[in-house]
Amino acid sequence: MRLLNGADVTIENVDLRNGDTRLNQSTRTGGALTATDLTNISLTLRNVVILGNRAAFGGGLYFETSS
């Protein structure tokens, strides 16, 4: 899953398992969830399991903000 600028997202009651972005040419970050160049993002996770995800950077979750 990839979040874009201005996103207001709530994720609840799910398992985010076994994502693998290591071989993805466009992004190798965050096996379950990635968000880059962020501005004005709201993310809420409730009762979420993040397990067994793989990425070159970030494993399960990867967040990067621009300064």
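Modeller: Strand 1 and strand 3 run parallel and are joined by 2 bridges, with R2 standing opposite T34 in strand 3. Pairing here requires that DSSP finds at least two bridges between two strands. The model is a predicted one, in which local features need pLDDT of at least 70 and side-chain atom pairs count only at pLDDT 80 or more, while totals for chains, interfaces and linings use all residues. Residues are numbered from 1 along each chain as its sequence is written, and side-chain values use heavy atoms, with hydrogens and water left out.

Colleague: Which strands form the open sheet, and in what order?

Modeller: The open sheet is formed by 3 strands in the order 1-3-5, with parallel pairing. Strand 1 (2-3) and strand 5 (61-65) each have a single partner strand and stand at the edges, so one side of each is left without a neighbour in the sheet. Between strand 3 and strand 5, which also run parallel, there are 4 bridges, and A35 stands opposite F63 in strand 5.

Colleague: How many helices and strands does the protein chain have?

Modeller: Such elements are DSSP runs numbered from the N terminus, helices being H or I over at least four residues and strands being E over at least two. By that reading the protein chain has 0 helices and 5 strands. The radius of gyration, taken over C-alpha atoms, is compared with a globule rule of 2.2 Å times the number of residues to the power 0.38. For this protein chain it is 12 Å, close to the 11 Å that the rule gives for 67 residues, so the chain is as compact as a globular protein of that length.

Colleague: Which residues make up the largest nonpolar core?

Modeller: In soluble globular proteins, nonpolar side chains tend to be buried together. A nonpolar core is a set of buried Ala, Val, Leu, Ile, Met, Phe, Trp, Tyr and Cys residues joined through side-chain atoms within 4.5 Å, where buried means under 20% relative accessible area, exposed over 50% and partly exposed in between (1.4 Å probe, protein chains only). The largest one here has 7 residues, namely L3, A7, V9, I11, L33, A35 and L38. Strand 2 (8-17) and strand 3 (33-38) are the elements that give two or more residues to this core, and strand 3 gives the most, with 3 residues. Contact means heavy atoms within 4.5 Å, and beyond its neighbours within four places in sequence L33 is in contact with M1, L3, L43, G60, L61, Y62 and F63.

Colleague: Is T34 buried or exposed, and which side chain does it join through a polar contact?

Modeller: T34, which lies in strand 3, is buried, with a relative accessible area of 6%. A polar contact is a pair of N or O atoms within 3.5 Å; within protein, one must be able to donate a hydrogen and the other to accept it, and residues adjacent in sequence count only if both atoms are side-chain atoms. The side chains of T34 and T29 are joined by such a contact of 2.8 Å.

Colleague: Where is A55 found, and which residues does it touch?

Modeller: A55 is in the loop between strand 4 (42-51) and strand 5, and at 16% relative accessibility A55 counts as buried. Not counting residues up to four places away in sequence, A55 touches T21, R22, R28, T29, G30 and G31. The C-alpha atoms of A55 and T29 are separated by 5.3 Å, although these residues are 26 residues apart along the chain.
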